[in-house]
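Biologist: Can you walk me through this one? I'd like to start with what the words mean.

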Amino acid sequence: MKIGDNICELKNIATKEGEERKGYAKRLIKYLYYTCGKKYGTMKVGTTQNNIPFYVKCGFTDYWSTVENYFINNYKEEIWDGALQCKNMYYYAMTLPTEFRILEVTTSNREAANDILKNEWGSTNIISRGEIIDGTKLSGFIASNNKGEIIGLITYFIYPNNVCEIYSLNNYEKNIGIGTKLIEEVKKVAIKNKCKLIKLITTNDNVEALKFYQKRGFKIFNIYINSIEISRKLKPEIPLYADNGIKITDEIELRMEILND
């Protein structure tokens, strides 16, 4: 809620019992970074002593103030957090990352881009249609927030036959337009290079990606049944099942035609 001209306060965040320590609270706070950043420059949070380390890890690194005996004066019953009786309220704050910018992958940030590929795909090698693609040789763009944190990456290659292929897209902050902006940047490059189309490969388990790409103008061109069996021979670390429980078996090609003047 708003508590000042440029300040908002996170009043409460809770995780369902049994779902703790799965990263849900951190994801919710990350979402607030940008939604609240559109209106405010600072976010403040009040917490108990036990929860200070959690909020500091989430970015609330600036100590604000302490209200002594807050819980004693404002609640009829004693408030306990585990074995600790809550007495004081401790306030911390963070500067909100209000925007992001798109940067071309260059020698200065190539290592960071390679690290993302390693973390997301197990190595810098990307398997597509039975071929090993060296991700360190691909062109790309990164999205960076005003704290200097990389929050998105797209890699692509322009082929001599006027085809642009996207090989990876990673977005760490959902619903603020990062993925869309990264695709738009690749599309600009494709148009500049007089490409006839942009294509990409995803897998049958990636339901969210299929929705995302189709909403942005891509159409399903082909489905390669059981092609992942070949890819898995080249890259054994490809899992049998995705996190959503769907067995990873097929590659799906999507294409977007480009109309050049």
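Predicted model: local features only at pLDDT ≥ 70, side-chain atom pairs only at ≥ 80, totals over all residues.

Biologist: Okay. Is phenylalanine 54 exposed, partly exposed or buried, and why?

Modeller: Phenylalanine 54 has 25% relative accessibility, so it counts as partly exposed. Tyrosine 55 is at 9%, so that residue counts as buried.

Biologist: How many aromatic pairs are there in the whole structure?

Modeller: A search finds 9. One of them joins phenylalanine 54 and tyrosine 55. Their ring centres are 5.0 Å apart and their planes are at 75°, so this pair is edge-to-face.

Biologist: And how do the rings of phenylalanine 157 and tyrosine 159 sit?

Modeller: Their centres are 4.7 Å apart and the planes are at 65°, so that pair is edge-to-face. Phenylalanine 157 is partly exposed, at 33%. Tyrosine 159 is partly exposed too, at 28%.

Biologist: Which residues do ring pairs link into a cluster?

Modeller: Phe54, Tyr55 and Phe60.

Biologist: New topic. Which residues touch the most other members of the largest nonpolar core?

Modeller: That core has 43 residues. Met43, Phe60, Ile154, Ile166, Ile198, Tyr213 and Phe218 touch the most other members. Helix α5, residues 178-192, gives the most to this core, with 6 residues.

Biologist: What does methionine 43 touch, leaving out residues up to four places away in sequence?

Modeller: Its contacts include Cys8, Leu10, Phe60 and Tyr92.

Biologist: Last one. Where does lysine 44 lie?

Modeller: Lysine 44 lies over the face of tyrosine 91, at 4.5 Å from the ring centre. Arginine 129 lies over the face of tyrosine 224, at 3.5 Å.

Technical notes: Residues numbered from 1 in each chain as written. Heavy atoms only, no water. Core = buried A, V, L, I, M, F, W, Y, C linked by side-chain atoms within 4.5 Å. Buried < 20%, exposed > 50% of the residue type's maximum accessible area, 1.4 Å probe, protein only. Helix = DSSP H or I, 4+ residues; strand = E, 2+ residues; numbered from the N terminus. Contact = heavy atoms within 4.5 Å. Phe/Tyr/Trp six-rings, centres within 6.5 Å; stacked < 30°, edge-to-face > 60°. Lys NZ or Arg CZ within 6 Å of the ring centre and 35° of its normal.
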